[in-house]
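Please look over the fold shown here. The report below walks through its sheets, its helix packing and a few single residues.

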Amino acid sequence: MQRNITVPEALDLTGAVLVDVRSEAEFAEATIPGAVNIPLLDNVQRALVGVAYKERGPQYARRLGLDLTAPRLPRFIASFDRLAAGRPVVLFCWRGGLRSQYSAGLLEVMGFPVYRILGGYKAYRRYVNEYLGRESLPLRAVVLHGLTGVGKTRLLTALAQTGVPVLDLEGLAAHRGSVFGKIGMPPSPSQKMFEGLIVQALRQAQTRGLFVVECESRRLGRLLVPPVVFKSIQEGYRVLLYDSLENRVRRIREDYIRGPDGNVDALQKAVAALEKYLGRQRVAELNRELAGGDFNRVFSDLLTGYYDPLYKYPAGPSDDYHLSVDMSDLPGAVDKVRRFVLSLPGHDHLEGGEGCGNRQYAQGGAPGSRYFAGGCRRGYQDPGQIPGSVGKGSF
């Protein structure tokens, strides 16, 4: 049986296999998160059909498409046999046209339970644009602040493992948000794919009423954080993370010193990009120290001489935040932040845990604080807009 469904219905469907039947190139540019690619026409065949459509009309293009796909149909169906294993299949193409119609008809004849997304990927993009185009998100942000190397990403990862909803923007962007941001990272997605991944994470968090996120600037490499998400970060509950300089340097080493050469060339190029702020002589000194393997000295100097003065976060507890957390004990930090999240009004309780005693802070701000309930500091600046900034407080 074949059934047409809307984008929200497809996203809410559990236990089904989401299949993009567009060409490999279309899939690589962007798709619905979680979809797999079983192309009806490959890149070359799609191009041939497109030329035929323009030069000889739709009927000829359809005939050509049939001729091109016919030899591939046994392998096409076998791909669904391996993938679906008895589960329903949800198909989509560019705009819910012939490719998904044809594929759905074939699968229905072969006995697959088939759904087809009305409007295809184009309808999904409208859905994403509408979700991110609203004035505000339907859930609140708990925002992690802190000096470079304090372990914000580590805390996000650990919180996610306990069931706390998180939005890891750096992970989704495959970029750490600075001139060092691509070192050791995989290729970044397209802007469209980045936005789709953000919406997926927010939809998963929506039933809980909140999500935890790092404080980010508007840009992560070549990708832009959607305005409504950035607004949520600015207005979120503020959590300050702090730790010793020694521990922060150790984390940076663990993140960046990889492989037989320790990523020295990439680190030197990133340091060179700071010449405008550090000066040519200082950059040359730092790069000589990197070449000599004196990583601790370089990272310590960059933290104390550049990043810490730039972002001006406190190095210890502060009443200017809803919660301050010592990151020298990661399990303890996870527990403290998780209990803080459980204390917030309006959330859907996570499994286990109990209130952490900071409810008065979450609702009204710490005594003497310059923060509102769920608000940000007056005069807050986007780190990406601070003169001389290369992103938020991250190597």
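What follows is a short tour of a predicted model.

## Overall make-up

The protein chain holds 18 helices and twelve strands. Of its 395 residues, 51% are buried. Take the contacts with a separation of 6 or more: residues 24 or more positions apart account for 72% of them.

Strands pair through backbone hydrogen bonds, in a parallel or an antiparallel sense.

Strand S2 (residues 17-20) runs parallel to strand S4 (residues 89-92), and four bridges join the two. Val17 stands opposite Val89 in S4. Asp20 stands opposite Phe92, also in S4.

Are the faces of S2 covered or open? Both are covered. Val17 and Val19 lie on one side, Leu18 and Asp20 on the other, and all four are buried.

## A closer look at Asp20

Asp20 belongs to strand S2. Is Asp20 buried or exposed? Its relative accessibility is 0%, so Asp20 counts as buried; the cut-off for buried is under 20%. Leaving aside residues up to four places away in sequence, Asp20 touches Phe27, Thr31, Ala35, Val36, Asn37, Ile38, Pro39 and Phe92. Phe92 is also the residue that stands opposite Asp20 in S4.

## The sheet with S8

Another open sheet has five strands in the order S7-S8-S6-S11-S12, with parallel pairing. Its edges are strand S7 (166-167) and strand S12 (323-326). Each of these has a single partner strand, so one side of each is left without a neighbour in the sheet.

S7 runs parallel to strand S8 (residues 210-214), and two bridges join them. Leu167 has Val213 in S8 as its bridge partner. Helix H8 lies across this sheet, over strand S6 (140-146), S7, S8 and strand S11 (237-242). H8 runs at about 155° to S8.

## Two helix pairs

Two packed helices are described by the angle between their axes and the distance between the axes. The table sets out two such pairs.

| Helix pair | Angle between axes | Axis distance |
|---|---|---|
| H8 (residues 152-161) and H17 (residues 330-343) | roughly 65° | within 10 Å |
| H3 (residues 43-56) and H4 (residues 58-69) | about 160° | 7 Å |

How do H8 and H17 lie to each other, roughly parallel or roughly perpendicular? Angles of 65 to 115 degrees count as roughly perpendicular, and H8 and H17 are therefore roughly perpendicular to each other. H8 passes H17 in a right-handed crossing. On the H8 side, the contact uses Leu155, Ala158 and Leu159. They meet Leu330, Ala333, Val334, Val337 and Arg338 in H17. By class, the residues of this contact are seven nonpolar, no polar and one charged.

For H3 and H4, the cut-off is over 145 degrees for roughly antiparallel, and H3 and H4 are therefore roughly antiparallel to each other. Their crossing is right-handed. H3 brings Gln45, Leu48, Val49, Ala52, Tyr53 and Arg56 to the contact. H4 brings Pro58, Tyr60, Ala61, Leu64, Gly65 and Leu68. The classes in this contact are nine nonpolar, two polar and one charged.

## A loop residue

Where is Gly133? Gly133 sits in the loop between helix H7 (120-132) and S6. Gly133 is exposed, with a relative accessible area of 60%. Gly133 and Pro227 are 94 residues apart in sequence. In space, their C-alpha atoms are 8.1 Å apart.

Technical notes. Residues numbered from 1 in each chain as written. Predicted model: local features only at pLDDT ≥ 70, side-chain atom pairs only at ≥ 80, totals over all residues. Heavy atoms only, no water. Axes fitted to C-alpha atoms, helices over the stretch in contact; angles between N-to-C directions. Parallel < 35°, antiparallel > 145°, perpendicular 65-115°, else oblique. Left-handed = near helix turned anticlockwise from the far one by under 90°. Contact = heavy atoms within 4.5 Å. Nonpolar A, V, L, I, M, F, W, Y, C, P; charged D, E, K, R; others polar. Pairing = 2+ DSSP bridges. Buried < 20%, exposed > 50% of the residue type's maximum accessible area, 1.4 Å probe, protein only.
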